[in-house]
Amino acid sequence: MTSDIDVVGELAGKVALVTGAARGVGAATVAWLHARGARVLATDLRPEVDDLTARFAGVSTLVGDVSGEDTAARSVAAAVDRFGRLDILVGNAGRSVNKPITETTAADWDELMSINARGAFLHAREAFRVMREHGGGVIVTVGSFACTVGLADAAAYSASKGALAQLTKVLALEGGPYGIRANVVAPGVIETDMLDNFRADSREYLRSFGDAHPIGRVAQPEEIAEVIGFLASPRSSFITGAVVAADGGYTAA
Ligand SMILES: NC(=O)c1ccc[n+]([C@@H]2O[C@H](COP(=O)([O-])OP(=O)(O)OC[C@H]3O[C@@H](n4cnc5c(N)ncnc54)[C@H](O)[C@@H]3O)[C@@H](O)[C@H]2O)c1
């Protein structure tokens, strides 16, 4: 078993860019990477992302909309300008819309494809260009169990997460010769603010979501950050092009 002492400094010298870092899985991932010595550029649409600089010495931030081509270019350039390189991209920013198909609007569809799929693509493309020049890197995208199964009342979300599985495979194919690995984490339900849509009765919603997972509960953001961090580290050196389930067994059936 690895102790905390063993992992300190494990990622010293590495530079990471994490999108959607203001809270939830993104913030937990910043903490995970920072604890292992990586220098991190944390980005988000929410200005609260700047609070991370007080919590984690050496973490730098940038505010922007992940779906913007300019944000992706600015973020990757900022990581290189501020820290000299880019080794790890965690494409985590995401949103959900939960409506039956007949109530899902074209605007809902465009918004989720834009944030969840286009945002991940743009950041991966910009990071890929830099990593190719610098001899390699790792791209970890945060998908969902909706990478592989459909979620009722979440057509746009499911489609956008399905796109990430295919994007990841192409990144792995094209990245292999340059030492670039790419994987997508496919979590089940996580207890984060993203669940606000469902939060009529907090105990009831957590129990009902938890019951849908064979493990009998939902995930904590730190449990997903652990998987993201593993995939971002050299410990996963032979894993690329994979959809890595972290879903409490949800997709096991
Ligand atoms: N919570 C779950 O049950 C769950 C399950 C599976 C996958 N995921 C995925 O995990 C990732 C993180 O979600 P979370 O649960 O931590 O949710 P969250 O809402 O707590 O965090 C998402 C972050 O993304 C940011 N974001 C949203 N739109 C953005 C935009 N246009 N530009 C920049 N930043 C933007 C938000 O401001 C927020 O800080 C998402 O990709 C989500 O789809 C979540």
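The following exercises, each with a worked solution, concern a predicted model.

**Exercise 1.** Determine how many residues of strand β1 are buried, and which of them point each way.

*Solution.* Step 1: locate the strand; β1 covers residues 15–19. Step 2: apply the criterion that a residue is buried if 20 or more other C-beta atoms lie within 10 Å of its own. Five of the five residues of β1 are buried, and the strand is mostly covered. Step 3: sort the residues by direction. V15, L17 and T19 point one way, whereas A16 and V18 point the other way. In a regular strand, side chains alternate between the two faces of the sheet.

**Exercise 2.** Identify the strands that pair with β1, and state the sense of each pairing.

*Solution.* Step 1: consider strand β2, residues 39–44, which pairs with β1 in the parallel sense over five bridges. In this pairing, V18 stands opposite A42 of β2. Step 2: follow the chain from β1 through α2 to β2; this β-α-β crossover is right-handed. Step 3: consider strand β4, residues 88–91, which pairs with β1 over three bridges, in the parallel sense. Here V18 stands opposite V90 of β4.

Terms used: Residues are numbered from 1 along each chain as its sequence is written. This is a predicted model: local features need pLDDT of at least 70, side-chain atom pairs count only at pLDDT 80 or more; totals for chains, interfaces and linings use all residues. A residue is buried if 20 or more other C-beta atoms lie within 10 Å of its own, exposed if 12 or fewer, and partly exposed in between; C-beta atoms are placed from the backbone. Helices (H or I, at least four residues) and strands (E, at least two) are DSSP runs, numbered from the N terminus. Two strands pair if DSSP finds at least two bridges between them. A crossover is right-handed if, with the strands pointing away from the viewer, the path from the first strand over the helix to the second runs clockwise.
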